[in-house]
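Subject: Structure handover

Hello,

Please find the structure we talked about below. My notes on what was found in it come after.

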Amino acid sequence: MPKVKDVISVIEKRAPLSLSYDFDSAGLNYGDLESEVKGILIAQNVTYYTLEECRSKGCNLLITHHPSLFGEEIDAYGQSLIDVAKKYSINLYSCHTNLDCCDGGLNDYLANLLGMKDVRPVDGCAREGIIEPTELISLAKKVARILDDPNVKYVGNADKKISKVIVCSGAGARDEALIEYAKANSVDCVIGGESKISIALRVIDYSLALIDVGHFESEIFCEKILSEWLEEFSSIIVISQTDVSPYHNIK
C-alpha cells in the first residue's frame, strides 16, 4: 500500500512546488506524509461534498487543484474544511499554480485542445501560440464547445481575425500585465477567466480581443491530467462526481 509521500513524489516530479507562485498554498495542506493510502479521490476543489465523497468511497487522500487554504491565515470556512478532513482522517494535497505552469500541465493541455502551434510560456503559466486564422466569434464558439462552457463571453469585434493567442487557465483574464504583454507583442486575443470591466475596456481601447471563460470549466481538466500522471495507482483512484461547477445557466 503506497504512502501519501509516494503519491506526492510522482506528482512533484512533473509539477515541482518550486513552480508555485508566492501567494499559493500548494502542497500538503493537511495530513501525514507517512499515512498509508487506501484510496485517492481527485477533484478540482476541497468542499464538504468532496470530503463526504472521500469518506463514502473509502478514500483517505483528496488531491485537488485548488488548495483548501491560501496564505498563512485561515478563515472560518477553511478551518471547517480542515476540521472535516481531520474528522474523516483524510489527507489533503493540492497541485495548484505549479500545475498551471509546468510542462504538460493545465495551460499546455488547453493549448493543445485549441490546436495552438509554436507554443511557448509567457509569464510562467500562460501559453502563447498560433492558431489557424479565424474570426473572433468563431473562435469564441469553438472555445465554448471545447470547454463545454455555455457562459463564454467575448470582447472585441466579432469579425476580428485571430491567429496569435494567449491562453491562461482559471483567473488568467484578470491579469493586467498579460493584456499589456498582448498589446506589446501583437497578440490578437487573450483567452482566460474572470476578466474585470476595467480589463474589458482596456482590451477595447487597445483594439485587442478577449474570450472570457469559466474558471471551473478551464481547469476541470486537472482531474484528467493528475489521474494520468498517477496511472500506477489507478486501482485506487476515483474521479470526483460531486465536484461540479457551482454556477447555473438561466437559458
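F221 has a relative accessibility of 14% and therefore counts as buried (buried is under 20% relative accessible area, exposed is over 50%, and partly exposed is in between, with a 1.4 Å probe and protein chains only). Before going further, note that this is a predicted model, in which local features need pLDDT of at least 70, side-chain atom pairs count only at pLDDT 80 or more, and totals for chains, interfaces and linings use all residues. Residues are numbered from 1 along each chain as its sequence is written, and side-chain values use heavy atoms, with hydrogens and water left out.

Aromatic rings

A search of the whole structure gives three aromatic pairs (rings of Phe, Tyr and Trp, the last by its six-membered ring, pair if their centres lie within 6.5 Å; planes under 30 degrees apart are stacked, over 60 edge-to-face, and the rest tilted). One of them joins Y21 and F23: the ring centres are 5.8 Å apart and the planes stand at 85°, so this pair is edge-to-face. Y21 is partly exposed at 31% relative accessibility, and F23 is partly exposed as well, at 48%.

Another pair is Y109 with F221, which is tilted because the planes are at 35°, with the centres 5.3 Å apart. Y109 belongs to helix α5 (residues 106–113), while F221 is in the loop between α9 (215–219) and α10 (222–229), so to speak of the chain, the two are 112 residues apart and the pair links distant parts of it. Helices (H or I, at least four residues) and strands (E, at least two) are DSSP runs, numbered from the N terminus.

Charges over rings and a polar contact

Two rings have a charge placed over them (NZ of Lys or CZ of Arg within 6 Å of the ring centre and within 35 degrees of the ring normal). R55 lies over the face of Y88, 5.8 Å from the ring centre. The charged end of K183 is over the ring of Y206, at 5.0 Å from its centre.

H96 is in the loop between β4 (91–94) and α4 (97–101). With a relative accessible area of 7%, H96 is buried. Its side chain makes a polar contact of 2.8 Å with the side chain of D24 (a pair of N or O atoms within 3.5 Å; within protein, one must be able to donate a hydrogen and the other to accept it, and residues adjacent in sequence count only if both atoms are side-chain atoms).

Pockets and cavity

On a 1 Å grid over the protein atoms alone, a cavity is a set of points where a 1.4 Å probe fits but cannot get out; a pocket is an open set with protein on both sides within 12 Å along at least five of seven lines, and lining residues have an atom within 4 Å of a point. Grid points are joined across faces, edges and corners, and a volume is the space filled by probe spheres set on the points.

The largest pocket holds about 1100 Å³. It is lined by 44 residues, and H66, A171, E194, H215 and E219 are the closest to its centre. α9 gives the most to this lining, with four residues. By class, the lining has 16 nonpolar, 17 polar and eleven charged residues (Ala, Val, Leu, Ile, Met, Phe, Trp, Tyr, Cys and Pro count as nonpolar, Asp, Glu, Lys and Arg as charged, and the others, Gly among them, as polar).

The second largest pocket has a volume of about 220 Å³. Of its 14 lining residues, P67, S68, L69, F70 and Y77 lie nearest the centre.

There is one cavity of 30 Å³ or more, and the largest cavity has a volume of about 70 Å³. Its lining includes L110, V143, V167 and I191. α6 (136–147), β8 (161–168) and β9 (189–193) each give two or more residues to that lining, with α6 giving the most, three. The lining has nine nonpolar, three polar and no charged residues.

Regards
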